[in-house]
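The points below are meant for a colleague who is looking at this structure for the first time. Please read them beside the sequence and the model.

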Amino acid sequence: MPSSSPDLALAQAQKILREAFGHREFRPPQDAIVTRLIGGGDALVLMPTGGGKSLCYQIPALARPGTAIVISPLIALMDDQVQALQRRGIAAAALHSAANAPDAIEHRLRAGALRILYCAPERLLQERMLRLLRELSISLFAIDEAHCVAQWGHHFRPEYRQLGRLRALFPGVPRIALTASADLASRAEIQQSLALGNAQVFVQSFDRPNIRYRIEQGSGAREALAEFLRRQRGAGIVYCLSRRKVEETASWLQSVGYRAQPYHAGLPADQRSAHQIDFLSGKIQIMVATIAFGMGIDKADVRFVAHLNLPKSIEAYYQETGRAGRDGKPAEAWMHYSLQDLLLLRQMIQQSGASSEQRCAEEERLQAMLDLTEEVGCRRQKLLGYFGEKLDQPCGNCDNCLHAPPLWDASEAAQMALSAAYRSGQRCGVQHLIDILIGRDTPRVRQAQHHRLQVFGIGRRLPPRDWQQVFRHLLARGHLQPHPEGSGLILHASSRPILRKEQRIWLRSGTANTCSPEPGRRSWRERRSR
Ligand code: ADP
Ligand code: MG
(Lines give C-alpha, C1' and ligand atoms only; values in the text may rest on other atoms or scores of the structure.)
(Ligands and ions follow the chains in the order given, each with its own letter.)
Protein backbone atom coordinates (compact mmCIF):
# COMPACT_ATOMS: atom_id res chain seq x y z
CA MET A 1 0.00 0.00 0.00
CA PRO A 2 1.20 3.56 -0.53
CA SER A 3 2.28 4.92 2.79
CA SER A 4 0.23 7.76 4.13
CA SER A 5 2.98 9.55 6.03
CA PRO A 6 5.97 11.07 4.28
CA ASP A 7 8.35 9.48 6.82
CA LEU A 8 7.03 6.02 6.16
CA ALA A 9 7.12 6.65 2.43
CA LEU A 10 10.76 7.72 2.64
CA ALA A 11 11.73 4.71 4.73
CA GLN A 12 10.03 2.44 2.22
CA ALA A 13 11.77 4.22 -0.68
CA GLN A 14 15.17 3.90 0.97
CA LYS A 15 14.64 0.21 1.43
CA ILE A 16 13.83 -0.20 -2.28
CA LEU A 17 16.81 1.97 -3.23
CA ARG A 18 19.15 -0.31 -1.34
CA GLU A 19 17.57 -3.68 -1.94
CA ALA A 20 16.33 -3.41 -5.51
CA PHE A 21 18.88 -0.95 -6.94
CA GLY A 22 21.93 -1.44 -4.71
CA HIS A 23 22.51 2.28 -4.05
CA ARG A 24 23.26 3.55 -0.58
CA GLU A 25 21.52 6.91 -0.57
CA PHE A 26 19.42 9.29 -2.60
CA ARG A 27 20.91 12.21 -4.40
CA PRO A 28 18.77 15.18 -3.40
CA PRO A 29 16.14 15.98 -4.54
CA GLN A 30 15.43 12.35 -5.50
CA ASP A 31 14.22 11.66 -1.97
CA ALA A 32 11.72 14.51 -2.00
CA ILE A 33 10.48 13.52 -5.46
CA VAL A 34 9.86 9.86 -4.66
CA THR A 35 8.12 10.81 -1.41
CA ARG A 36 5.86 13.17 -3.27
CA LEU A 37 4.93 10.52 -5.82
CA ILE A 38 4.42 7.72 -3.33
CA GLY A 39 2.06 10.07 -1.52
CA GLY A 40 0.05 10.47 -4.74
CA GLY A 41 1.17 13.99 -5.81
CA ASP A 42 2.30 15.15 -9.25
CA ALA A 43 5.84 16.35 -9.98
CA LEU A 44 7.85 18.13 -12.63
CA VAL A 45 11.54 17.26 -12.47
CA LEU A 46 14.32 19.28 -14.08
CA MET A 47 17.63 17.57 -13.67
CA PRO A 48 20.76 17.53 -15.81
CA THR A 49 21.62 14.44 -17.83
CA GLY A 50 23.09 11.77 -15.62
CA GLY A 51 21.48 13.29 -12.54
CA GLY A 52 19.37 10.21 -11.85
CA LYS A 53 15.90 10.90 -13.18
CA SER A 54 14.95 7.25 -13.77
CA LEU A 55 14.94 6.34 -10.08
CA CYS A 56 12.50 9.18 -9.42
CA TYR A 57 9.73 7.12 -11.01
CA GLN A 58 11.13 3.59 -10.79
CA ILE A 59 11.14 3.62 -7.00
CA PRO A 60 7.58 4.93 -6.57
CA ALA A 61 6.57 2.38 -9.22
CA LEU A 62 7.75 -0.36 -6.87
CA ALA A 63 6.37 1.30 -3.75
CA ARG A 64 2.83 1.78 -5.05
CA PRO A 65 0.43 -1.00 -6.06
CA GLY A 66 -0.33 -1.56 -9.74
CA THR A 67 1.62 -1.04 -12.95
CA ALA A 68 3.59 2.13 -13.69
CA ILE A 69 3.41 3.44 -17.25
CA VAL A 70 6.52 5.21 -18.50
CA ILE A 71 6.27 7.22 -21.71
CA SER A 72 9.53 7.60 -23.56
CA PRO A 73 10.27 8.91 -27.06
CA LEU A 74 13.05 6.55 -28.13
CA ILE A 75 12.95 2.79 -28.58
CA ALA A 76 16.63 2.43 -27.69
CA LEU A 77 16.15 4.30 -24.40
CA MET A 78 13.18 2.11 -23.49
CA ASP A 79 14.96 -1.14 -24.30
CA ASP A 80 18.07 -0.14 -22.31
CA GLN A 81 16.02 0.67 -19.25
CA VAL A 82 13.89 -2.46 -19.47
CA GLN A 83 16.98 -4.65 -19.71
CA ALA A 84 18.56 -2.90 -16.72
CA LEU A 85 15.38 -3.43 -14.68
CA GLN A 86 15.06 -7.06 -15.72
CA ARG A 87 18.65 -7.68 -14.67
CA ARG A 88 17.61 -6.51 -11.22
CA GLY A 89 14.71 -8.95 -11.23
CA ILE A 90 12.01 -6.31 -11.74
CA ALA A 91 9.08 -7.27 -14.00
CA ALA A 92 9.37 -4.67 -16.78
CA ALA A 93 8.57 -4.60 -20.49
CA ALA A 94 8.36 -2.16 -23.40
CA LEU A 95 5.57 -1.67 -25.93
CA HIS A 96 6.62 0.14 -29.11
CA SER A 97 6.58 -0.40 -32.85
CA ALA A 98 9.56 -2.77 -32.68
CA ALA A 99 8.52 -4.66 -29.54
CA ASN A 100 8.96 -8.42 -29.37
CA ALA A 101 5.71 -10.35 -28.81
CA PRO A 102 3.46 -7.40 -27.98
CA ASP A 103 0.53 -9.74 -27.38
CA ALA A 104 2.38 -11.56 -24.63
CA ILE A 105 3.26 -8.23 -23.02
CA GLU A 106 -0.38 -7.13 -23.10
CA HIS A 107 -1.34 -10.44 -21.56
CA ARG A 108 1.05 -9.88 -18.66
CA LEU A 109 -0.21 -6.32 -18.32
CA ARG A 110 -3.83 -7.53 -18.03
CA ALA A 111 -2.79 -10.09 -15.45
CA GLY A 112 -1.21 -7.37 -13.34
CA ALA A 113 2.14 -9.14 -13.65
CA LEU A 114 4.12 -6.06 -14.77
CA ARG A 115 5.49 -3.48 -12.33
CA ILE A 116 6.75 -1.10 -15.02
CA LEU A 117 5.63 -0.80 -18.64
CA TYR A 118 7.54 1.47 -21.00
CA CYS A 119 5.33 2.69 -23.79
CA ALA A 120 5.71 4.79 -26.91
CA PRO A 121 3.34 7.79 -26.82
CA GLU A 122 1.45 6.86 -29.99
CA ARG A 123 0.89 3.37 -28.60
CA LEU A 124 -0.40 4.63 -25.27
CA LEU A 125 -2.76 7.08 -26.96
CA GLN A 126 -4.55 4.39 -28.99
CA GLU A 127 -8.13 4.38 -27.69
CA ARG A 128 -7.99 0.61 -27.24
CA MET A 129 -4.93 0.93 -25.03
CA LEU A 130 -6.40 3.73 -22.95
CA ARG A 131 -9.59 1.68 -22.41
CA LEU A 132 -7.53 -1.30 -21.29
CA LEU A 133 -5.47 0.75 -18.86
CA ARG A 134 -8.60 2.25 -17.31
CA GLU A 135 -9.66 -1.25 -16.31
CA LEU A 136 -6.35 -1.92 -14.59
CA SER A 137 -4.61 -0.64 -11.49
CA ILE A 138 -2.10 2.01 -12.57
CA SER A 139 0.44 3.16 -9.98
CA LEU A 140 1.68 6.23 -11.84
CA PHE A 141 2.43 7.81 -15.21
CA ALA A 142 5.97 8.98 -15.89
CA ILE A 143 6.61 11.17 -18.92
CA ASP A 144 10.33 11.01 -19.60
CA GLU A 145 12.16 13.45 -21.90
CA ALA A 146 9.20 15.78 -21.37
CA HIS A 147 10.77 18.56 -23.48
CA CYS A 148 9.40 16.61 -26.46
CA VAL A 149 6.16 18.58 -25.93
CA ALA A 150 7.93 21.82 -26.84
CA GLN A 151 6.90 22.80 -30.34
CA TRP A 152 9.98 24.84 -31.12
CA GLY A 153 12.32 22.12 -29.95
CA HIS A 154 14.50 19.81 -32.00
CA HIS A 155 12.88 16.81 -30.36
CA PHE A 156 9.27 17.84 -30.84
CA ARG A 157 6.84 14.89 -30.82
CA PRO A 158 3.27 15.94 -31.59
CA GLU A 159 1.83 12.97 -29.63
CA TYR A 160 3.46 14.29 -26.49
CA ARG A 161 1.07 17.22 -26.51
CA GLN A 162 -1.89 14.89 -26.12
CA LEU A 163 -0.54 13.39 -22.92
CA GLY A 164 -2.33 16.13 -20.99
CA ARG A 165 -5.46 14.01 -21.50
CA LEU A 166 -4.16 11.54 -18.91
CA ARG A 167 -5.14 13.91 -16.16
CA ALA A 168 -8.87 13.67 -16.89
CA LEU A 169 -8.78 10.01 -17.95
CA PHE A 170 -6.96 8.80 -14.85
CA PRO A 171 -7.94 11.06 -11.97
CA GLY A 172 -6.04 10.24 -8.82
CA VAL A 173 -3.13 8.57 -10.61
CA PRO A 174 0.04 10.59 -9.92
CA ARG A 175 1.99 11.89 -12.89
CA ILE A 176 5.62 12.88 -13.12
CA ALA A 177 7.30 14.64 -16.05
CA LEU A 178 11.09 14.65 -16.34
CA THR A 179 13.53 16.54 -18.51
CA ALA A 180 17.12 17.70 -18.69
CA SER A 181 16.21 20.70 -20.79
CA ALA A 182 15.17 23.35 -18.40
CA ASP A 183 15.02 26.82 -19.78
CA LEU A 184 12.11 28.79 -18.44
CA ALA A 185 10.12 28.75 -21.67
CA SER A 186 10.12 24.98 -21.99
CA ARG A 187 9.27 24.60 -18.31
CA ALA A 188 6.11 26.64 -18.75
CA GLU A 189 5.21 24.81 -21.92
CA ILE A 190 5.63 21.38 -20.30
CA GLN A 191 3.50 22.33 -17.32
CA GLN A 192 0.80 23.78 -19.45
CA SER A 193 0.49 21.18 -22.16
CA LEU A 194 0.79 18.20 -19.81
CA ALA A 195 -1.83 19.71 -17.46
CA LEU A 196 0.64 19.66 -14.59
CA GLY A 197 -0.69 22.79 -12.89
CA ASN A 198 -0.68 21.05 -9.52
CA ALA A 199 2.74 19.53 -9.91
CA GLN A 200 5.47 20.37 -7.46
CA VAL A 201 8.52 21.51 -9.41
CA PHE A 202 11.89 20.03 -8.47
CA VAL A 203 15.03 21.58 -9.89
CA GLN A 204 18.42 20.09 -9.41
CA SER A 205 21.19 22.57 -9.96
CA PHE A 206 22.51 22.61 -13.50
CA ASP A 207 25.81 23.97 -12.34
CA ARG A 208 28.90 22.01 -13.31
CA PRO A 209 31.42 23.70 -11.04
CA ASN A 210 34.41 21.71 -12.30
CA ILE A 211 33.97 22.97 -15.87
CA ARG A 212 35.79 26.15 -16.83
CA TYR A 213 33.99 28.07 -19.56
CA ARG A 214 35.93 30.10 -22.10
CA ILE A 215 34.60 31.75 -25.23
CA GLU A 216 36.69 33.53 -27.85
CA GLN A 217 35.71 35.21 -31.05
CA GLY A 218 37.73 36.00 -34.14
CA SER A 219 39.30 34.52 -37.23
CA GLY A 220 42.24 32.15 -37.11
CA ALA A 221 40.40 29.27 -35.49
CA ARG A 222 43.19 26.81 -36.22
CA GLU A 223 45.89 28.81 -34.51
CA ALA A 224 43.60 29.34 -31.56
CA LEU A 225 42.83 25.62 -31.36
CA ALA A 226 46.51 24.74 -31.60
CA GLU A 227 47.23 27.12 -28.76
CA PHE A 228 44.41 25.68 -26.68
CA LEU A 229 45.46 22.06 -27.31
CA ARG A 230 49.06 22.74 -26.33
CA ARG A 231 47.88 23.02 -22.75
CA GLN A 232 45.64 19.93 -22.81
CA ARG A 233 46.82 16.55 -21.65
CA GLY A 234 43.69 14.40 -21.41
CA ALA A 235 41.05 13.25 -23.87
CA GLY A 236 38.69 15.67 -25.53
CA ILE A 237 36.09 16.33 -28.18
CA VAL A 238 36.38 19.04 -30.84
CA TYR A 239 32.96 19.96 -32.24
CA CYS A 240 32.57 21.42 -35.74
CA LEU A 241 29.41 22.48 -37.53
CA SER A 242 29.93 20.65 -40.83
CA ARG A 243 31.21 17.24 -41.87
CA ARG A 244 33.75 18.87 -44.13
CA LYS A 245 35.20 20.90 -41.32
CA VAL A 246 35.34 17.76 -39.16
CA GLU A 247 37.36 15.96 -41.84
CA GLU A 248 39.68 18.89 -42.45
CA THR A 249 40.31 19.50 -38.78
CA ALA A 250 40.94 15.82 -38.03
CA SER A 251 43.48 15.47 -40.86
CA TRP A 252 45.20 18.66 -39.82
CA LEU A 253 45.44 17.50 -36.20
CA GLN A 254 46.84 14.15 -37.36
CA SER A 255 49.37 15.95 -39.53
CA VAL A 256 50.67 17.92 -36.55
CA GLY A 257 50.99 14.77 -34.48
CA TYR A 258 47.79 14.35 -32.50
CA ARG A 259 46.00 11.04 -32.12
CA ALA A 260 42.73 12.36 -33.57
CA GLN A 261 39.90 10.81 -35.60
CA PRO A 262 36.78 12.20 -37.28
CA TYR A 263 33.20 11.28 -36.41
CA HIS A 264 30.09 12.34 -38.31
CA ALA A 265 26.91 10.81 -39.69
CA GLY A 266 28.38 10.63 -43.22
CA LEU A 267 31.04 8.07 -42.25
CA PRO A 268 30.37 4.34 -42.75
CA ALA A 269 28.88 2.80 -39.60
CA ASP A 270 31.84 0.47 -38.97
CA GLN A 271 34.30 3.34 -39.15
CA ARG A 272 32.18 5.43 -36.80
CA SER A 273 31.97 2.71 -34.20
CA ALA A 274 35.69 1.91 -34.54
CA HIS A 275 36.56 5.55 -33.83
CA GLN A 276 34.14 5.63 -30.94
CA ILE A 277 35.66 2.48 -29.40
CA ASP A 278 39.15 3.93 -29.81
CA PHE A 279 38.09 7.13 -28.11
CA LEU A 280 36.40 5.35 -25.21
CA SER A 281 39.42 3.10 -24.67
CA GLY A 282 41.87 6.00 -24.83
CA LYS A 283 43.60 4.82 -28.00
CA ILE A 284 42.91 8.18 -29.58
CA GLN A 285 43.05 11.43 -27.66
CA ILE A 286 40.82 13.69 -29.70
CA MET A 287 37.51 13.01 -31.36
CA VAL A 288 36.71 15.65 -33.98
CA ALA A 289 32.98 15.45 -34.48
CA THR A 290 29.71 16.96 -35.50
CA ILE A 291 26.96 16.97 -32.90
CA ALA A 292 26.11 13.44 -34.13
CA PHE A 293 28.72 12.37 -31.57
CA GLY A 294 27.90 12.47 -27.92
CA MET A 295 24.36 11.29 -27.16
CA GLY A 296 24.74 8.45 -24.71
CA ILE A 297 28.55 8.51 -24.80
CA ASP A 298 29.61 7.31 -21.39
CA LYS A 299 33.17 8.50 -20.88
CA ALA A 300 33.67 10.10 -17.51
CA ASP A 301 37.21 11.41 -18.03
CA VAL A 302 36.69 13.70 -21.04
CA ARG A 303 38.96 16.61 -20.02
CA PHE A 304 37.90 19.15 -22.61
CA VAL A 305 35.21 19.99 -25.10
CA ALA A 306 36.24 22.48 -27.75
CA HIS A 307 33.80 24.20 -30.11
CA LEU A 308 35.15 25.50 -33.39
CA ASN A 309 31.74 26.94 -34.19
CA LEU A 310 28.92 28.68 -32.45
CA PRO A 311 26.33 26.16 -31.17
CA LYS A 312 22.81 27.09 -32.20
CA SER A 313 21.42 27.45 -28.70
CA ILE A 314 22.42 27.56 -25.06
CA GLU A 315 20.76 24.18 -24.54
CA ALA A 316 23.01 22.69 -27.21
CA TYR A 317 26.07 24.41 -25.74
CA TYR A 318 25.21 23.16 -22.28
CA GLN A 319 24.60 19.58 -23.46
CA GLU A 320 27.79 19.47 -25.50
CA THR A 321 30.07 21.09 -22.94
CA GLY A 322 28.42 18.88 -20.31
CA ARG A 323 30.23 15.87 -21.77
CA ALA A 324 33.42 17.17 -20.17
CA GLY A 325 34.39 16.30 -16.62
CA ARG A 326 31.67 13.84 -15.70
CA ASP A 327 34.14 12.45 -13.15
CA GLY A 328 34.02 15.76 -11.27
CA LYS A 329 37.68 16.60 -11.94
CA PRO A 330 38.64 19.93 -13.55
CA ALA A 331 37.64 20.16 -17.20
CA GLU A 332 37.60 22.81 -19.91
CA ALA A 333 34.81 24.03 -22.17
CA TRP A 334 36.47 26.20 -24.78
CA MET A 335 34.87 27.83 -27.79
CA HIS A 336 36.23 29.81 -30.67
CA TYR A 337 33.78 31.18 -33.20
CA SER A 338 33.56 33.78 -35.92
CA LEU A 339 30.81 36.01 -37.20
CA GLN A 340 30.79 33.77 -40.25
CA ASP A 341 29.23 31.05 -38.07
CA LEU A 342 26.49 33.40 -37.06
CA LEU A 343 25.64 34.18 -40.67
CA LEU A 344 25.72 30.48 -41.54
CA LEU A 345 23.44 29.53 -38.64
CA ARG A 346 21.04 32.32 -39.56
CA GLN A 347 20.97 31.05 -43.11
CA MET A 348 20.34 27.49 -41.90
CA ILE A 349 17.41 28.69 -39.83
CA GLN A 350 15.95 30.72 -42.70
CA GLN A 351 16.27 27.85 -45.17
CA SER A 352 15.12 25.14 -42.78
CA GLY A 353 11.60 25.00 -44.17
CA ALA A 354 10.18 25.41 -40.66
CA SER A 355 7.14 27.60 -39.96
CA SER A 356 7.83 31.28 -39.43
CA GLU A 357 6.93 30.88 -35.77
CA GLN A 358 9.51 28.14 -35.36
CA ARG A 359 12.13 30.13 -37.22
CA CYS A 360 11.50 33.05 -34.89
CA ALA A 361 11.94 30.81 -31.87
CA GLU A 362 15.21 29.44 -33.29
CA GLU A 363 16.41 32.96 -33.92
CA GLU A 364 15.68 33.81 -30.30
CA ARG A 365 17.64 30.83 -29.11
CA LEU A 366 20.58 31.75 -31.27
CA GLN A 367 20.33 35.28 -29.94
CA ALA A 368 20.49 34.00 -26.36
CA MET A 369 23.59 32.01 -27.28
CA LEU A 370 25.13 35.19 -28.70
CA ASP A 371 24.23 37.01 -25.56
CA LEU A 372 26.27 34.46 -23.63
CA THR A 373 29.23 34.89 -25.96
CA GLU A 374 29.11 38.66 -25.54
CA GLU A 375 28.64 38.52 -21.80
CA VAL A 376 31.29 40.62 -20.10
CA GLY A 377 30.54 39.37 -16.58
CA CYS A 378 30.55 35.86 -15.14
CA ARG A 379 29.73 33.24 -17.80
CA ARG A 380 28.45 30.74 -15.28
CA GLN A 381 25.99 33.22 -13.79
CA LYS A 382 24.72 33.96 -17.28
CA LEU A 383 24.50 30.31 -18.29
CA LEU A 384 22.67 29.23 -15.15
CA GLY A 385 20.49 32.32 -15.32
CA TYR A 386 19.25 31.03 -18.66
CA PHE A 387 17.99 27.94 -16.87
CA GLY A 388 16.32 30.11 -14.24
CA GLU A 389 19.00 29.43 -11.65
CA LYS A 390 20.63 32.22 -9.66
CA LEU A 391 24.27 32.07 -8.67
CA ASP A 392 24.86 34.70 -6.00
CA GLN A 393 28.59 35.17 -6.56
CA PRO A 394 30.59 35.32 -9.80
CA CYS A 395 32.16 31.86 -10.18
CA GLY A 396 35.77 33.04 -10.23
CA ASN A 397 36.66 30.26 -12.65
CA CYS A 398 35.46 31.34 -16.12
CA ASP A 399 37.43 33.40 -18.62
CA ASN A 400 35.74 36.66 -17.68
CA CYS A 401 36.16 36.12 -13.95
CA LEU A 402 39.82 35.18 -14.39
CA HIS A 403 40.69 37.98 -16.82
CA ALA A 404 38.23 40.82 -17.10
CA PRO A 405 37.80 41.46 -20.83
CA PRO A 406 38.68 44.83 -22.38
CA LEU A 407 35.54 46.83 -23.01
CA TRP A 408 34.50 49.78 -25.08
CA ASP A 409 31.88 52.31 -24.24
CA ALA A 410 29.07 51.75 -26.72
CA SER A 411 26.54 54.04 -25.02
CA GLU A 412 26.68 56.76 -27.63
CA ALA A 413 26.63 54.28 -30.50
CA ALA A 414 23.62 52.52 -28.98
CA GLN A 415 21.84 55.84 -28.73
CA MET A 416 22.57 56.58 -32.39
CA ALA A 417 21.39 53.13 -33.41
CA LEU A 418 18.10 53.58 -31.55
CA SER A 419 17.62 57.08 -32.99
CA ALA A 420 18.21 55.79 -36.49
CA ALA A 421 15.63 53.05 -35.99
CA TYR A 422 13.16 55.57 -34.65
CA ARG A 423 13.73 58.32 -37.18
CA SER A 424 13.52 56.00 -40.14
CA GLY A 425 10.03 55.04 -39.04
CA GLN A 426 10.86 51.71 -37.31
CA ARG A 427 10.59 49.96 -40.66
CA CYS A 428 14.24 49.18 -41.43
CA GLY A 429 16.33 46.10 -40.78
CA VAL A 430 19.84 46.08 -39.32
CA GLN A 431 21.75 46.37 -42.59
CA HIS A 432 19.65 49.29 -43.81
CA LEU A 433 20.10 51.08 -40.47
CA ILE A 434 23.86 50.57 -40.60
CA ASP A 435 23.85 52.00 -44.14
CA ILE A 436 22.06 55.07 -42.81
CA LEU A 437 24.40 55.46 -39.84
CA ILE A 438 27.60 55.21 -41.82
CA GLY A 439 26.11 57.34 -44.61
CA ARG A 440 26.06 54.80 -47.40
CA ASP A 441 24.13 56.12 -50.34
CA THR A 442 22.48 52.88 -51.46
CA PRO A 443 19.48 52.77 -53.82
CA ARG A 444 17.30 51.66 -50.90
CA VAL A 445 18.45 54.54 -48.73
CA ARG A 446 17.87 56.97 -51.55
CA GLN A 447 14.48 55.57 -52.49
CA ALA A 448 13.24 55.93 -48.90
CA GLN A 449 14.83 59.40 -48.75
CA HIS A 450 16.79 58.27 -45.73
CA HIS A 451 19.82 60.33 -46.80
CA ARG A 452 17.81 63.34 -45.67
CA LEU A 453 17.50 62.10 -42.11
CA GLN A 454 19.37 63.88 -39.34
CA VAL A 455 21.03 60.62 -38.42
CA PHE A 456 22.41 59.97 -41.92
CA GLY A 457 26.16 59.44 -41.66
CA ILE A 458 26.47 60.32 -37.98
CA GLY A 459 28.14 56.99 -37.24
CA ARG A 460 30.72 56.86 -39.98
CA ARG A 461 33.63 56.77 -37.54
CA LEU A 462 32.64 53.29 -36.37
CA PRO A 463 33.22 50.35 -38.73
CA PRO A 464 30.17 48.28 -39.81
CA ARG A 465 31.40 45.34 -37.74
CA ASP A 466 31.13 47.38 -34.54
CA TRP A 467 27.70 48.59 -35.58
CA GLN A 468 26.67 44.98 -35.99
CA GLN A 469 27.87 44.29 -32.48
CA VAL A 470 25.84 47.23 -31.19
CA PHE A 471 22.69 46.07 -32.98
CA ARG A 472 23.24 42.49 -31.90
CA HIS A 473 23.44 43.68 -28.33
CA LEU A 474 20.32 45.83 -28.60
CA LEU A 475 18.43 42.91 -30.14
CA ALA A 476 19.76 40.39 -27.66
CA ARG A 477 18.65 42.56 -24.75
CA GLY A 478 15.27 43.25 -26.33
CA HIS A 479 15.76 47.04 -26.58
CA LEU A 480 15.09 46.65 -30.29
CA GLN A 481 12.61 44.04 -31.41
CA PRO A 482 11.59 42.63 -34.76
CA HIS A 483 8.36 44.18 -35.96
CA PRO A 484 5.56 41.70 -35.09
CA GLU A 485 4.15 41.87 -38.59
CA GLY A 486 6.34 42.63 -41.53
CA SER A 487 9.92 43.81 -41.47
CA GLY A 488 11.82 46.38 -39.52
CA LEU A 489 12.88 46.91 -35.94
CA ILE A 490 10.83 48.66 -33.31
CA LEU A 491 11.94 50.29 -30.08
CA HIS A 492 10.97 48.69 -26.81
CA ALA A 493 10.22 50.82 -23.75
CA SER A 494 13.41 49.48 -22.19
CA SER A 495 15.41 51.54 -24.70
CA ARG A 496 14.40 54.85 -23.10
CA PRO A 497 17.13 55.02 -20.43
CA ILE A 498 19.71 54.49 -23.20
CA LEU A 499 18.25 57.29 -25.29
CA ARG A 500 18.13 59.56 -22.24
CA LYS A 501 21.79 58.75 -21.51
CA GLU A 502 20.82 57.27 -18.17
CA GLN A 503 22.14 53.82 -18.99
CA ARG A 504 25.64 53.06 -20.17
CA ILE A 505 26.50 50.14 -22.37
CA TRP A 506 29.86 48.45 -22.35
CA LEU A 507 30.68 45.92 -25.01
CA ARG A 508 33.56 43.52 -25.37
CA SER A 509 36.23 45.01 -27.59
CA GLY A 510 38.82 43.35 -29.77
CA THR A 511 36.31 40.81 -31.06
CA ALA A 512 36.08 39.38 -34.56
CA ASN A 513 39.37 40.79 -35.81
CA THR A 514 38.31 44.32 -35.00
CA CYS A 515 40.87 46.43 -36.78
CA SER A 516 43.08 48.76 -34.85
CA PRO A 517 41.30 52.00 -34.09
CA GLU A 518 41.56 54.57 -36.82
CA PRO A 519 43.02 57.96 -35.98
CA GLY A 520 40.41 60.13 -34.41
CA ARG A 521 38.22 57.21 -33.55
CA ARG A 522 39.81 56.55 -30.25
CA SER A 523 38.14 59.46 -28.51
CA TRP A 524 34.66 58.06 -28.56
CA ARG A 525 35.50 54.44 -29.02
CA GLU A 526 37.20 54.75 -25.72
CA ARG A 527 38.68 51.53 -24.46
CA ARG A 528 38.74 50.51 -20.90
CA SER A 529 40.12 47.56 -18.99
CA ARG A 530 38.34 46.49 -15.88
P1 ADP B 1 19.19 10.76 -16.19
O2 ADP B 1 17.96 10.06 -16.68
O3 ADP B 1 18.87 11.89 -15.26
O4 ADP B 1 20.12 11.17 -17.26
P5 ADP B 1 19.80 8.19 -15.04
O6 ADP B 1 18.52 7.95 -14.36
O7 ADP B 1 20.04 7.45 -16.31
O8 ADP B 1 20.03 9.73 -15.28
O9 ADP B 1 20.97 7.92 -13.98
C10 ADP B 1 22.32 8.15 -14.30
C11 ADP B 1 23.21 7.26 -13.47
O12 ADP B 1 23.20 7.64 -12.10
C13 ADP B 1 22.80 5.79 -13.49
O14 ADP B 1 23.96 5.01 -13.68
C15 ADP B 1 22.20 5.56 -12.13
O16 ADP B 1 22.36 4.22 -11.70
C17 ADP B 1 23.00 6.51 -11.27
N18 ADP B 1 22.26 6.92 -10.05
C19 ADP B 1 21.08 7.54 -10.00
N20 ADP B 1 20.71 7.81 -8.74
C21 ADP B 1 21.69 7.33 -7.96
C22 ADP B 1 21.91 7.28 -6.53
N23 ADP B 1 21.02 7.80 -5.67
N24 ADP B 1 23.04 6.69 -6.08
C25 ADP B 1 23.93 6.20 -6.95
N26 ADP B 1 23.80 6.20 -8.29
C27 ADP B 1 22.69 6.75 -8.80
MG1 MG C 1 16.97 9.65 -18.47
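Helices here are DSSP runs of H or I with at least four residues, and they are numbered from the N terminus. The model is a predicted one.

1. Helix 21 covers residues 464-476, which is 13 residues, and its span from first C-alpha to last is 18 Å, close to the 18 Å expected at 1.5 Å a residue. Its buried residues are Asp-466, Trp-467, Gln-469, Val-470, Phe-471, Arg-472, His-473 and Leu-474. Just after helix 21 comes Gly-478, whose phi is positive, at about 80°.

2. At least two lining residues are supplied by each of helix 9 (184-193), helix 14 (339-350), helix 15 (356-374), helix 16 (379-386), helix 19 (430-438), helix 21 and strand 15 (480-482). Which helix gives the largest share of this lining? That is helix 15, with ten residues. Sorted by class, the lining of the second largest pocket contains 17 nonpolar, twelve polar and nine charged residues.

3. Why is the pair of Phe-228 and Phe-304 described as edge-to-face? The ring centres of Phe-228 and Phe-304 are 5.6 Å apart and the ring planes stand at 80°, so the pair is edge-to-face, given that planes over 60 degrees apart count as such. This pair links distant parts of the chain, with Phe-228 in helix 10 (residues 221-230) and Phe-304 in strand 12 (residues 302-307), 76 residues apart. Phe-228 counts as buried because its relative accessibility is 0%, and Phe-304 is likewise buried, with a relative accessible area of 0%.

4. A ring may also face a charge, and one case deserves a look in the model. The charged end of Lys-299 sits over the ring of Phe-279, at 5.4 Å from the centre of that ring.

5. Lys-245 belongs to helix 11 (residues 243-255) and is partly exposed, with a relative accessible area of 24%; from C-alpha to C-alpha, Lys-245 and Pro-262 are 9.7 Å apart in space, while in sequence they are 17 residues apart. Is Ala-235, by contrast, buried or exposed? Ala-235, which lies in strand 9 (residues 235-239), is buried because its relative accessible area is 14%, and buried means under 20%. Between Ala-235 and Ala-260 there are 9.9 Å in space, C-alpha to C-alpha, and the two are 25 residues apart in sequence.

Notes. Residues numbered from 1 in each chain as written. Chains lettered and ligands numbered in written order. Predicted model: local features only at pLDDT ≥ 70, side-chain atom pairs only at ≥ 80, totals over all residues. Heavy atoms only, no water. Expected span 1.5 Å × (residues − 1). Buried < 20%, exposed > 50% of the residue type's maximum accessible area, 1.4 Å probe, protein only. Phe/Tyr/Trp six-rings, centres within 6.5 Å; stacked < 30°, edge-to-face > 60°. Lys NZ or Arg CZ within 6 Å of the ring centre and 35° of its normal. Nonpolar A, V, L, I, M, F, W, Y, C, P; charged D, E, K, R; others polar.
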